[in-house]
Amino acid sequence: MEVEVPLIEVPGEANPLSEGILYHVLRSAASADPNQIQTGTKQLQTWEKSKGFYPLLQAVFLDKSLPLEVRYLAIIQLKNGIDKYWRKTASNAASKEDKAVIRSKLLQCGVNEADQRLALQNALVIAKIVRFEFPNDWPDLFQLLLQILRSSTDPNAYRLHLPRALLIMLHIIKELSTGRMMKTRAVLGTIAPESFNVLGHIYVQKVQSWQTFFRDGGDDEGGALEDIDNSLLAIKALRRLIIAGYDFPARDKDVQAFWTLTRTHFAEFLRYAMQEDSPLAPSVRRLIEKHLMQLAKFHLAMAQTHPADFVLLPNTIDLVRDYWSLVAKLGESWGSESLDHAQIGTDGDSEDDAPILERLGLKGLLLVRACVKMVFYPQQTFRYRQPQEKEERSRAVQIIKLELLTDDLVREMISALVTRFFVFRPSDLRMWEEEPDEWEKMEEGGEDWEFAIRPCAEKLFLDLAKNFKELIIQPLLQVFYSVATPENEDVLFKDSVYTAVGLAADILLDDLDFDAFISNTLVAEAQKQKTGFNIIRRRIAIIIAQWIAIKVSEVKKPVVYQIYQHLLDKNDPLNDQVVRVTAGRKFRDIADEWEFKAKNFMPYAPEILDRLMALVQEVELPETKMALLNTISITVERLEHHITPYANSIISLLPPLWSESGDQHLMKQAILTILSRLTNAMKAESRTYHVSFLPIIQSAIEPGSETQVYLLEDALDLWASILAQTPSAPEPTPPELLELLKFLIPLFAMDNETLRKAIEITEAYLLLAPGSVLADSFRQELLKALADLLGSLKPEVNGMVTHLMECVIRGADGFGGDQAVKVLVGDLLSTGFLAKVMEGLHGAWTHHQSHGPYRELPSRAVDGVVETDYFVVLARVGFAAPRVLLEALATIGAPATVERTLEWLLEEWFGHIENIGDAPNRKLMCLVLTRFLELGEGWILGRLQSLMAVWMDVLGELLDGMDDRSMDSLYWPPDPLPPQPNDPEAPEDIRKRELIYSDPVHRLNLVQFVKEHLQAAILAAGGDERFQEEWLSRVDKDVLRGFGELGVM
């Protein structure tokens, strides 16, 4: 490949694919020139679907005469291509021939690759291909790889082969063990025994070899270092293989033997790592520490993944006790003895990795916690368990209960956790002073408890406290009472005890008088001016937040508010930033507790809110600002209309935060949330701010907006809040708010959650400004959008669409009577909405005409609640303007007559009423069908029997249990003195109440309505005799008798 081929930028397809040209394209893509990178990358993307591309990439990678960066890019491109094109079902999938060529060279080129980076990438390529192709297309892979491993242990073998083969095996096992498909993990099970045998032999041999060198010395120091590297690779592969490759590791004799060996090695390696004045070089000690960490990870993974097997493996209880001994040893040097000992560079304050004892101690805490969880929080699974497995699990639980979690050890653990690991370290105190914002944020984040000692110790303490209450409560209270006095100034120990009491709040609630603790101790300690008491002040903010929902009486709530008011005071020198930020964060829990009463909080609201807002401006970290904003937001929500005096201050705080946030959309979301809560809390008083909020909403909802994906949900919430709190007529609706209407339509085509919100907002506009929604400029687009949705939604969302249509029909009726309804129905016809409704109902009728086990629901048919929703739409039109509905049915049914359409429609309608479970909808159907009598047409009078059956059914339900049978239960007579609310109401709540009260379902008395319409029909027919002769004679006598018993006529 010596020929220089200049890279000419030509259309992608024009460059022929050859090894020489591919080399130059790769060199271009790996260069530092942005133009060459762009050209080369574009060409590689064009070729990635071409036959022969991936074997050529491998050929470039195998050519060791080429520059390293070109070979590296070639193997990276090959690795990325496997993810995209190795599945047989992938579009432009790699051909069988290409795959076979690549497979044939992978192992040999892998074990002979001298460069570590390239060898790693090749190992990853092999692992990815194995996941797709073993065992079907690459059945002999493991035989070949195990053969290489066996031969590479020969003293005369090429030294590079063993580490490279181990690297390949490690990444294959990693890839297969992380597979989610049962089939992928099953593959690992088939190769586990033989692979374990070979890897275990290599591991034992190499450990013995380097241990012998350490003990006896020798000339081959390089060989010993290679042995350490190889044993580390072997144990990495082994621990994953055993965990993922065996369903029941404890039943396998080889695994049992290896488990015993790991405990021996753990003790031996620990001596090397912990030995003071060790002769070993630091790099060698680090390698041995890595061996220790691999063994610890193996033990922990066994406990978490195979809990019963973990317990049943040899000497496991002793192993766990060994780990606890390490934890106890770590505890001896963990916390600060006093505030004076906080020195930089000690106790984990250095920039290097944590000491090995600390890292192993963390694994020990996790291991003990896994043992506790085995007993009290066992893993749940849907997998069928064989009797033997159940028996093993039961036996394992008993062993842990009786042999490990003894009363003495639990007491020892609790004591160590509280007195050692809850105590701040010098490094904590130093960071508190030097980087208070970072330290506070780190302490607050509870998600990473698995990676830090103190949070992990807190989790273990909580598990033990919940499940060993009788062992813990009295000793803990004894210690607590000894320190819980203002005179006790052992700040660090006091803080650790308060930590335990806060964590155990729901366990101690019956044994600790927290109200007395607040009055007698916390009030004094929160004000105590003594060095170090900032630590106690921070803890006071935390412990009260932990207890507030558990056991703090209402009479003590004002004292609590005063404490937080004091802790947020910047003028007190002991209230440093950590104290104030912690108090600010934790006040969220105080404001959000179930029994919070605004009136109790009002005397303290001005200062607390002012100090919170000042703190937001003081802190620098965006996460901390958002947490404090969240506290303000919750407080706003809980104060409701009492927040109004502070609205200006809160709102003036937000624009700078919005500007500073840049692309940090979480901050913008928090700001939108606080604006929504402020708007809702202030009710109509918020209207002076609405217009200033609207541009923010528009920027998030308009099509093509860059922020839409991040801010849409919160912007819609704010929009809905503004509409809800905008006063009704005669006060004019701001034109800027009406201008936003046009942005609603695109939202109807988005996901279901956005659609729900868009429908909610449209209904709010209908209530606020029906003329704007019903205007020609918006109405037709809205109906078209709704028509497009109909029939493609789940029943629940479909119901929201039809409910919106109900509101539109009622809005048109209220706005312009029959004429407005006629115009609206014309649009329902032109947009196809009404046609879809009728098509669905006709499908339902057709389905109900067929019988037998094999009948199918026609494609457009509806049933259940969707059919009810469709009939409700027709009922709203029919009740508002019966003749308009008939004209529409005539148009849709053409060329059939309206009578033919009504024949099947009424049959289905009458038949469906008994399937409606909702009483208001049943009454609505009854009202509209009764109203059809006004038309005096034979198609309704001829169904008098069906109509009477409906009257009996619906009235029977609505009169059941009524003392006054002259009114149905859904009729709400006008109240001459409507109740006046004590607190301000949202204008939209008033509008919604008016909408409900004006609904014919509640405005009309069905008893009177039926009576009047039946009498009118009798008169229109020519009197009682004529009506009896022509229509009533067709009604079944039992039906007539039943109707008569209602006492309507």
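User: How many aromatic pairs does the count come to?
Analyst: Happy to start there. Rings of Phe, Tyr and Trp (its six-membered ring) pair if their centres lie within 6.5 Å. This is a predicted model, where local features need pLDDT of at least 70, side-chain atom pairs count only at pLDDT 80 or more, and totals for chains, interfaces and linings use all residues. Residues are numbered from 1 along each chain as its sequence is written, and side-chain values use heavy atoms, with hydrogens and water left out. By the ring rule, the count comes to 43 aromatic pairs.

User: What kind of aromatic pair do Y54 and Y85 form?
Analyst: Planes under 30 degrees apart count as stacked, over 60 as edge-to-face and the rest as tilted. For Y54 and Y85 the centres are 6.3 Å apart, with 45° between the planes, and the pair is tilted.

User: Which helices does this pair link, and how many residues apart are Y54 and Y85?
Analyst: Helices are DSSP runs (H or I, at least four residues), numbered from the N terminus. Y54 is in α3 (residues 53-62) and Y85 is in α4 (residues 68-85), so the pair links distant parts of the chain. The two helices are α3 and α4, and the residues are 31 apart.

User: Where does the charged end of R117 sit?
Analyst: A charge sits over a ring if NZ of Lys or CZ of Arg is within 6 Å of the ring centre and within 35 degrees of the ring normal. The charged end of R117 is 4.5 Å from the ring centre, and the ring is that of Y72.

User: Why is α15 said to be largely enclosed by the rest of the structure?
Analyst: Helix α15 covers residues 356-376. The reason lies in its buried residues, which number 18 of the 21.

Technical notes: Axes fitted to C-alpha atoms, helices over the stretch in contact; angles between N-to-C directions. Buried < 20%, exposed > 50% of the residue type's maximum accessible area, 1.4 Å probe, protein only.
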